[in-house]
Each structure stands twice: as C-alpha cells, then as structure tokens.
Amino acid sequence: MALKEEKMNELLFDDIFMVETLDPDGKKYDKVSRIVARSEKRDMYMLLDVNTEIYPMKEKERFLMALSPSLVLNTKDGSVSIQDKFEYIMHGRLYNIEGCSKPEELEVEVYASFGGLQMMLRGHASHCVKFAVDKNLFLLIRKIGS
C-alpha cells in the first residue's frame, strides 16, 4: 500500500518555462492574461490563463511550473508540503488529452481547467505519461531569475 500512496503523491510534471507572448489574440479580460510559454528542458509548448491582477507576468520572464495531484508529496524522508515553495497555485481538473495529427512526432495536447482559467500543454507523449483524464491537479508557479 505504501508504494501505491508514494506513486500517487509525486509531481506529474515540472519544468522551467519562459513567457514568449502575452495575450496573443488580444486582451480579452481585465484581470486575466493568456501566456504563451515554452519549456527549457522538455521543449513543451504551453498556453495558460493567469490571474494577472494577483500574479502579474511579463514577456521573457522565466518561471518554474509544476503539476501535482496534491500539495503534499511523499519522499523518502516522509511527507513534505510544497505549497510554501510556490507563489501562485491553482486547483483544477485535467479534462482532455489529444494526440496530434502527426503520429510520427508522438505529440500530445493536455487540457486542464482551473475554475475557468485554461491550460493547454503540448509536447512529446513521453513527458505526459503520468496524466489521466478527469484527475484533479494543482498547477504551481514560482518565478525564477534569468
């Protein structure tokens, strides 16, 4: 049983992203911006709606983004709370995973909604094996220096 619990409480995904563009289709809401970002380690592409009234973001800004099923992770040293290590946290549900039209590239798109704020994460399927449709998850962000 302990192994199963440990598997359940690990990060589903984490990487460092850089904001490429803000509001690519124009500003639609006063307090929300859609960011276009690309990850550094896994070359993942992300569209993410962020409440910029409480967490402003700028182009060329770098941030660590993690997706987790819980705010408490099980480690070899015991349970560890991760919420204090991040500045912006949203809770939502992963609602769709789609394969892209080019099977030779093995790309997938992962869609999640956080109270109406949307995320689309696109990249190689090997980076998305821990995802499952209809699972609750936390999106956690912390800005980092250049």
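Is Arg62 buried or exposed in this structure? Select Arg62 in this predicted model, and you will find a residue that counts as buried, because its relative accessibility is 16% and the limit for that word is under 20%. Arg62 lies in strand 4 (residues 62–68) and Glu40 in the loop between strand 2 and strand 3, so the pair ties together parts that are 22 residues apart in sequence. Glu40 itself, at 42% relative accessibility, counts as partly exposed.

Select Arg42 and Asp15 next, which form a salt bridge with their closest N and O atoms 3.9 Å apart. Here Arg42 sits in the loop between strand 2 and strand 3 (45–51), while Asp15 belongs to strand 1, 27 residues away. Asp15 is buried at 0% relative accessibility, whereas Arg42 is partly exposed at 26%.

Move on to Arg38 and Glu20, another salt bridge, in which the closest N and O atoms are 3.7 Å apart. This pair links strand 2, where Arg38 is found, with strand 1, where Glu20 is found. If you also select Asp43, you will have a network of Glu20, Arg38 and Asp43, joined by salt bridges that share partners. The whole structure holds nine salt bridges.

Finish at Asp23, in the loop between strand 1 (13–22) and strand 2 (32–39), where the side chain of Asp23 makes a polar contact of 3.1 Å with the side chain of Ser33. Asp23 is buried, with a relative accessible area of 16%.

Notes
Residues numbered from 1 in each chain as written. Predicted model: local features only at pLDDT ≥ 70, side-chain atom pairs only at ≥ 80, totals over all residues. Heavy atoms only, no water. Helix = DSSP H or I, 4+ residues; strand = E, 2+ residues; numbered from the N terminus. Buried < 20%, exposed > 50% of the residue type's maximum accessible area, 1.4 Å probe, protein only. Polar contact = N/O pair within 3.5 Å; in protein donor to acceptor, adjacent residues only side chain to side chain. Salt bridge = Lys/Arg side-chain N within 4 Å of Asp/Glu carboxyl O.
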